[in-house]
Amino acid sequence: MEMGGNDVGNMPKSYSLNMFQDFVPMCVLSETGQGRVTMEGKVEHKFDMTPHTRNMEEYRKMCRERTNKSMIKNRQIQVIDNDRGVNMRPMPGMIGMIASSSKDKKKAVPVKGPEVKRTRRDRGELEDIMFKLFERQPNWTLKQLVQETDQPAQFLKEILNELCVYNKRGTNQGTYELKPEYKKSVEDTGAE
């Protein structure tokens, strides 16, 4: 097949057509001005159009140019000095959700002081506390255990890896439960 017209740029002018008949049957539909859908016809043949081998170099050149053109960034960044957000308006529904000045934002973020920092207990003492907690309920999340024991999360994770199994699936997903060998000893001491 040859392309008609004089000015086609780098577009290949010759194509090979491959015809197929074994494909999902399709129909051509159109919609009239009144909103009616009518069937215009049936598609009986499918044609795959590929550039002819003698035009392959032109086709490659066109593809390279298209790729290079898409890589060019046409967006620009403009820095606004001393604006303080005067020209920026919040979107509808966002009023009250966004802090208006940088001072408000700083106040909204809680600052962890030295009183919030948790100190580590003795390992054996913490293990005893953990066993008592698991007597109360079989499954705990890390967040719950941090609140109950008032211990650093990283230190708690170390002990949990030794004593517990982390549930990744199922109804207790995201929780820790005692390993089977520790469950028996806890049940035995509870029975006595």
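**Exercise 1. Determine how helices H4 and H5 are arranged in this predicted model, and which residues join them.**

Solution. 
Step 1. Helix H4 covers residues 142-149 and helix H5 covers residues 153-163. Their axes lie 10 Å apart and form an angle of about 110 degrees.
Step 2. Angles of 65 to 115 degrees count as roughly perpendicular, and H4 and H5 are therefore roughly perpendicular to each other.
Step 3. The handedness of the crossing of H4 and H5 is right-handed.
Step 4. On the H4 side, the contact is made by Leu 142, Leu 145, Val 146 and Thr 149. On the H5 side, Ala 153, Leu 156, Lys 157 and Leu 160 take part.

**Exercise 2. Classify the packing of H3 and H4 by its angle.**

Solution. 
Step 1. The axes of H3 and H4 are 11 Å apart, and the helices pack at an angle of about 120 degrees.
Step 2. This angle makes H3 oblique to H4.
Step 3. H3 and H4 also cross in a right-handed manner.
Step 4. From H3, the residues Leu 126, Ile 129, Met 130, Leu 133, Phe 134 and Arg 136 meet Leu 145, Glu 148 and Thr 149 of H4.
Step 5. The contact of H3 with H4 contains 6 nonpolar, 1 polar and 2 charged residues.

**Exercise 3. State how H3 and H5 cross, and describe the residues that meet.**

Solution. 
Step 1. The axes of H3 and H5 come within 11 Å, crossing at roughly 65 degrees.
Step 2. H3 and H5 are therefore roughly perpendicular to each other, and their crossing is right-handed.
Step 3. H3 contributes Arg 123, Leu 126, Glu 127, Met 130 and Phe 131. These meet Phe 155, Leu 156, Glu 158, Ile 159, Leu 160, Glu 162 and Leu 163 in H5.
Step 4. The contact of H3 with H5 divides into 8 nonpolar, no polar and 4 charged residues.

**Exercise 4. Describe the aromatic pair formed by Phe 131 and Tyr 182.**

Solution. 
Step 1. The whole structure holds 2 aromatic pairs.
Step 2. For Phe 131 and Tyr 182, the distance is 5.7 Å centre to centre, with 50 degrees between the planes; the pair is tilted.
Step 3. Phe 131 belongs to helix H3 (residues 123-136) and Tyr 182 to helix H6 (residues 180-191). The two residues are 51 residues apart, and the pair links distant parts of the chain.

Terms used: Residues are numbered from 1 along each chain as its sequence is written. This is a predicted model: local features need pLDDT of at least 70, side-chain atom pairs count only at pLDDT 80 or more; totals for chains, interfaces and linings use all residues. Side-chain values use heavy atoms; hydrogens and water are left out. Axes are lines fitted to C-alpha atoms, for helices over the stretch in contact, and angles run from 0 to 180 degrees between N-to-C directions. Helices (H or I, at least four residues) and strands (E, at least two) are DSSP runs, numbered from the N terminus. Angles under 35 degrees count as roughly parallel, over 145 as roughly antiparallel, 65 to 115 as roughly perpendicular and the rest as oblique. A crossing is left-handed if the near helix is turned anticlockwise from the far one by less than a right angle, and right-handed if clockwise. Contact means heavy atoms within 4.5 Å. Rings of Phe, Tyr and Trp (its six-membered ring) pair if their centres lie within 6.5 Å; planes under 30 degrees apart count as stacked, over 60 as edge-to-face and the rest as tilted. Ala, Val, Leu, Ile, Met, Phe, Trp, Tyr, Cys and Pro count as nonpolar, Asp, Glu, Lys and Arg as charged, and the others, Gly among them, as polar.
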